[in-house]
Amino acid sequence: MKAPRDGVGGHTAARLVEERRQVTVLFCDLVGFSGLAAELDPEDLREVLRAYQACCVDCIEARGGYVGQYQGDGVVAYFGHPVACEDAAEQAIRAGLEIVRRTPELRTPAPAGALQARAGVATGTAVIGDTLGSGPAEQAAVTGRVAVLASRIQAAAPAGAVVAPDSLRRLLGDAFDYADLGAQRLKGVDEVVRLWAIGPERHFDSRFDAAHGGRYEDLIGRNAELQILRETWRHAASGAPQAVLLSGEAGIGKSALLGALRTTAAASGGGVAIFQCSPQRTDTPLHPVLRFLQRRAGWRDEDDRDARLGKLRRLLQAFGLEEEAEILAARLIISDEPGLHPPQAAQGRKREIVDLLDHLIARAAARAPLLFILEDAHWADATTLELLDHVVAQASAPALVVVSGRPEYAPPWTVGPDHHIVRLARLGEPDAKALVEQTTAGGLPASSVADILRRADGVPLYLKELARAGLEASVEGGGAAPVIPMTLHDGLMARLDRLGSAKLAAQVAAVFGRNFTLALLAEVFGRYESQAADLERLRSAGVVEGRHSAPGEYAFTHALVQQTAYDSLLREPRRRLHRRCAEAILRLHPQAASTEPEILAHHCDEGGETLEAAHHWLRAGQRAQLSAANAEAAGHFQRGLDALSRSGLAAAEAELEFRLQLGLGQAAYVLLGPAHARTVAAYARAQTLVEAVRDPAQRGQTLYGIFSGYHFASKFDLAEAPARRMLALAMEENRPGDFCQAHRMLGYVAFFRGRHDQAIEHFEALARAYRPEDHGAAAYAYGADCLVGGRGFQAVIESVRGPYGPAVQRARQNLAFAESLGHPASIGWAYAAAAYVGYYGDDPQGALELAEAGAEYCRSHDVASWGAHCRLFRAWASARLGRPGDHAQQVRELIAMAASGNRLGICLFQLVLAEILLLDGRREAALDEAEGALREATDTGQRFFEPGILLMRARCLAALGELQPARRAFRLAAATARKATAHAIVPRALDGLAALKAADSPSWLGRT
């Protein structure tokens, strides 16, 4: 069936036939076929080829695959399509092994001799579902690297071997034996591929054991459930039969929990019988029981009928069931195939078999307490469920029956004093994080762990596989991990494939995202009633869940299910759907353009409407700025710039680019610092576009951004120019807001230059013009409130000039005012300024209280720059008060962090570090830091800090016993402080000088 070319359209829905999905490709061919063709008559060759192809079809279809193409003697088969299967790769390997085993047994003309086959298997993403050719020549088309890889691997395979790449070897786990063929270069494949020859299948009791080689990690977050199971086992072992239903969604950890219980049972001398159900055998009567008997009897593929029958008899006779062994063996048809197959018996014969098996289980439990496990009962056939119900109802021997299943499985026997239900919930964040750490041994950065926690939704299997994929990506070269690991894809896709026609609804809903509404889905499809029915099917299958508090609203039960449905769409249908989603949202919710612009931006962007997307991203960034969500704002603005660039219309949209660059600069200012390269670049680009701007307010914001880049780089001469320009324009155009900002900017420059009187003049001019109701909102565009900024610096000046009391009062009033505005960066600076005052006022206790509160506030509100200052003064105050901790190392880390973004204030950090080192008795290191601080202050023109730095240098010299240099240094510190009107520092310098006169060899460890 050809895929419709317009996907979902108008008021009709077309089935999305072509899709992206993971598929396992098996490529088999006959070894030496060209030579065979030269030797045989064409009719004989045809018969050989037909026999071989029939053998391949039989083996492939028996394991859930289908033949997609014949290429001469080559047979190409696909597993995992049209319905995905959780063990598609394993089934492909089994089919390949069976083909190479059976091919030499095919009858051939005498000259041909025994035939040999070889096979290559690969798993990967492909576009699949369309067809090539027509009529009898019609063949399924699989487009993608995986088909080429399987073909090339087959060509490199030894005769009689099934070969797979390393990626598939990891996917298969310990289910098979392997022989390493080494890394090889394959024709048409760029990278070197490590190949493995697949050996015989290993026989494990469960799917989980096969994947993990019978190894069990320590359980995390399941102590309560494990305790319940262990307690139930103790009751059963003491003679009171018990039954437990262990229920939970796929990947929730049922098998791992059962593994821990098996260890407990075996350690206490109990027997364990595990019956594993299979998704391919839901209609095969007693399949898990017969597989159990096959494993216990020790059947091998090469065993003939008599050998298998003898092994079965010996197994049953070991339980004292001589007569039953003969009856059971007679009732079961044992073919030459490598499995046990029950007959299509009449009801009476089936009843007899069930009774005999029940007798066998009871006899086993009588010998020792028995742990009877039926895994994945949601895949059990009807006869097995009948046997299970009989075992539970008639249990009298010491046995614990544990049945694991997904939520859709609901047995009739769960009510009763000895019957229990244990439901497994998703892990909470602490346990989920611990599981990721256990899986990776702490080998992933915090950001990657956080992403895994968000996407895995607390499902243990998803947590582990996402963590392993992330770790492999980092180890193998730092590339990005796959969005959906190969190990999870088939299981997730199987859930969607089982939905039938409702799968399309899931795919379209996935385009909306994790959350969507019935109304929006119906708007895209144009049919309300049918979509309601499809959603009910999705809900009953556990793919989505409705919200009781909001009828008509739905959410995918798991982020990875939504991602899998979304990824299965081809690129062009996906783009069309994104466009229709945007149209549907605007038709039903026209206010979304202002309330949720980021949603519309996403759909327009993914739908190829990039210019429209850029406008929506701009509005989204501006909205984020208003709530001080600067990280989100920066992301929105950057995506808007990216969309504008892709549109090819940037030159014609200069004003739009200006607004995006300005917004990015403002967000980065708070997030990364004013002198950060990203901030400076955004403002610089905005400056080149400023002529396109007709809004004076945005012109002023641009001037402030340019000022900030120079100011925080301590380039005060360059910073002063845009500040003067802004003041002139504000006075010329009578713009009080820009007037306030200009005086703030000029006050900052004067402050760092050490011109106290000039700085106070600017700050007081600002305060006279400032009106909270008119100018308070500008904080979101200018990084912080201008009055809070000016008052903070004025309080610091007053703490240096003295007296201390008024400075403290001003700083605390400033903090209260900032809190009334509710702007995070303004509050962060107010805390930092108040801590500054405590530092210069020699008040470590007062500074500590404010610094601790400020550091916590800045951390929780993502105000990195002022948070660093608060942490600086916290380290200083803690050192002064004798609190334990490596305070010097803390300050060194802060210096490294601060220096990456700007030079402003670095000399203050060095000054604080020098004092802490001196308090620790590390005198030479302290002197080095003080002299480094002095060089930094001199080089950058930060004269405000010079008096304090000179005083600290003098104290370091005194502590080292350098008396003459120390005297000169104290005198210089006092003189510099007088000149700068830093009156609070003058007496401290004179006290140091006096102390030198009073002692021959002083060790002065006083205050700055």
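1. Pro 803 sits in the loop that runs between α34 (786-801) and α35 (804-821), where helices (H or I, at least four residues) and strands (E, at least two) are DSSP runs numbered from the N terminus. The peptide bond leading from Gly 802 into Pro 803 is cis, with omega near -5 degrees. A cis peptide bond also joins His 81 and Pro 82, with omega about 5 degrees, and Pro 82 is placed in the loop between β5 (74-79) and α3 (88-102).

2. A word on how to read these values: this is a predicted model, in which local features need pLDDT of at least 70 and side-chain atom pairs count only at pLDDT 80 or more, while totals for chains, interfaces and linings use all residues. Residues are numbered from 1 along each chain as its sequence is written, and side-chain values use heavy atoms, with hydrogens and water left out.

3. Taken as a whole, the protein has 44 helices and 18 strands, and its C-alpha trace spans about 110 × 70 × 60 Å along the principal axes. Of its 1008 residues, 55% count as buried, a term that means under 20% relative accessible area, whereas exposed means over 50% and partly exposed lies in between (1.4 Å probe, protein chains only). Among the contacts (heavy atoms within 4.5 Å) with a separation of 6 or more, 68% are made by residues 24 or more positions apart.

4. The protein exposes about 41,800 Å², and carbon and sulfur atoms supply 50% of that area; such areas come from the Shrake-Rupley method with a 1.4 Å probe, and for residues only the protein chains shown count as cover. The mean positions of the 110 positive and 120 negative charges are 4 Å apart, with Lys and Arg counted as positive, Asp and Glu as negative, and His and the chain ends not counted. The place of each charge is taken as NZ of Lys, CZ of Arg, CG of Asp or CD of Glu.

5. Which residues touch the most other members of the largest nonpolar core? In this core of 117 residues they are Tyr 840, Leu 908 and Phe 945, and helix α36 (residues 824-840) gives the most to the core, with 13 residues. A nonpolar core is here a set of buried Ala, Val, Leu, Ile, Met, Phe, Trp, Tyr and Cys residues joined through side-chain atoms within 4.5 Å. Leaving aside neighbours within four places in sequence, Leu 908 is in contact with Tyr 836, Tyr 839, Tyr 840, Leu 872, Phe 873 and Phe 945. A second, separate core has 77 residues, including Leu 496, Ala 509, Ala 613 and Leu 664.

6. Two helices can be checked for length, with the expected span taken as 1.5 Å times one less than the number of residues. Helix α42 (residues 946-959) has 14 residues and should therefore span 20 Å, which agrees with the 20 Å between its end C-alpha atoms. Of those 14 residues, 13 are buried, so that α42 is mostly covered, and just after this helix Gly 961 takes a positive phi of about 80 degrees.

7. Val 146 is found in helix α4 (residues 145-156) and counts as buried because its relative accessibility is 4%. Val 146 and Val 25 are 121 residues apart in sequence, and their C-alpha atoms are 7.0 Å apart in space. Beyond neighbours within four places in sequence, Val 146 has contacts that include Val 23, Val 25, Ala 122 and Thr 123.

8. Is Asp 376 buried or exposed? With a relative accessible area of 7%, Asp 376 is buried; this residue lies in the loop between β13 (370-375) and α13 (382-394). Its phi is near 60 degrees, a positive value in a residue other than glycine. Apart from neighbours within four places in sequence, Asp 376 is in contact with Arg 207, Gln 276, Cys 277 and Ser 404.

9. Asp 862 likewise has a positive phi, near 60 degrees, without being a glycine. Asp 862 lies in the loop between α37 (844-860) and α38 (864-880) and is partly exposed, because its relative accessible area is 41%.
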